[in-house]
Amino acid sequence: MNSQKVRDWLEIIGIFAVVASLVFVGLQMRQDHKIQLSQAYQSRTAAAAEWNTALAANPVALSGYHKAVEGREDEISSSEYQALHRMIIGVLYLYDNAHYQYQQGFISEEFWNSSRDNMRGWLQNETTRKIFVERINVQGRPEFKEVIRALDAKVDADDG
């Protein structure tokens, strides 16, 4: 076999080796992305569970929340309002995080739409809406603030 044929065969083998390594890198990247999605989901689940557990363990916040939901805003004590306020700050962080992860492609459009619908529910209650709108002026990323403002305007339009 002459040296030219050997070189040609070595080049062909080299090309196949490069293609195989690129396929391997692609598969590895796909697996890494799935792992990242799983970790993001786990983090969101843990944060939501922690938030719900904290609410359930705080009778003052829970009482204020129930009064707000039942339309008894005038019965909410100062301590209940403060506890409810802190609770809503926590929920805003959860939603801001969900929005950020949606923007980064770590959560589905379906999950984000569900989160946005839940936020809209918070904005349909007079007491929680007041806290949402007040807090969004000092908390959250600019993109998330726009989401809240748009939802608030939509709630206004639907009420009008």
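Which residues are buried in helix α5 (residues 126-136)? The close-up views below, taken from a predicted model, begin with this helix.

**View 1. Helix α5 and the elements that cover its buried residues.** In helix α5, the buried residues are T127, T128, R129, I131, F132, R135 and I136. The cover over these residues includes α2 (59-69), α3, α4 (109-123) and α6 (142-159). Where α5 starts, the backbone nitrogen of T127 has a side-chain oxygen of N125 within 3.0 Å.

**View 2. The aromatic cluster formed by Y65, W122 and F132.** Three aromatic pairs are found when the whole structure is searched. In one of them, Y65 and W122 are tilted, with 50 degrees between the planes and 5.8 Å from centre to centre. This pair links distant parts of the chain, since Y65 belongs to helix α2 and W122 to helix α4, 57 residues apart. Y65 is partly exposed, at a relative accessible area of 26%, whereas W122, at 12% relative accessibility, counts as buried. The rings of W122 and F132 have planes at 25 degrees and centres 6.0 Å apart, so this pair is stacked. Here W122 in helix α4 is joined to F132 in helix α5, 10 residues apart, and both W122 and F132 are buried.

**View 3. The packing of helix α1 (residues 3-56) with helix α3 (residues 78-103).** On the α1 side, A40, R44, A47, A48, W51 and L55 take part, and they meet M87, G90, V91, L94, N97 and Q101 in α3. Sorted by class, this contact has eight nonpolar, three polar and one charged residues.

Notes: Residues numbered from 1 in each chain as written. Predicted model: local features only at pLDDT ≥ 70, side-chain atom pairs only at ≥ 80, totals over all residues. Heavy atoms only, no water. Axes fitted to C-alpha atoms, helices over the stretch in contact; angles between N-to-C directions. Helix = DSSP H or I, 4+ residues; strand = E, 2+ residues; numbered from the N terminus. Contact = heavy atoms within 4.5 Å. Nonpolar A, V, L, I, M, F, W, Y, C, P; charged D, E, K, R; others polar. Buried < 20%, exposed > 50% of the residue type's maximum accessible area, 1.4 Å probe, protein only. Polar contact = N/O pair within 3.5 Å; in protein donor to acceptor, adjacent residues only side chain to side chain. Phe/Tyr/Trp six-rings, centres within 6.5 Å; stacked < 30°, edge-to-face > 60°.
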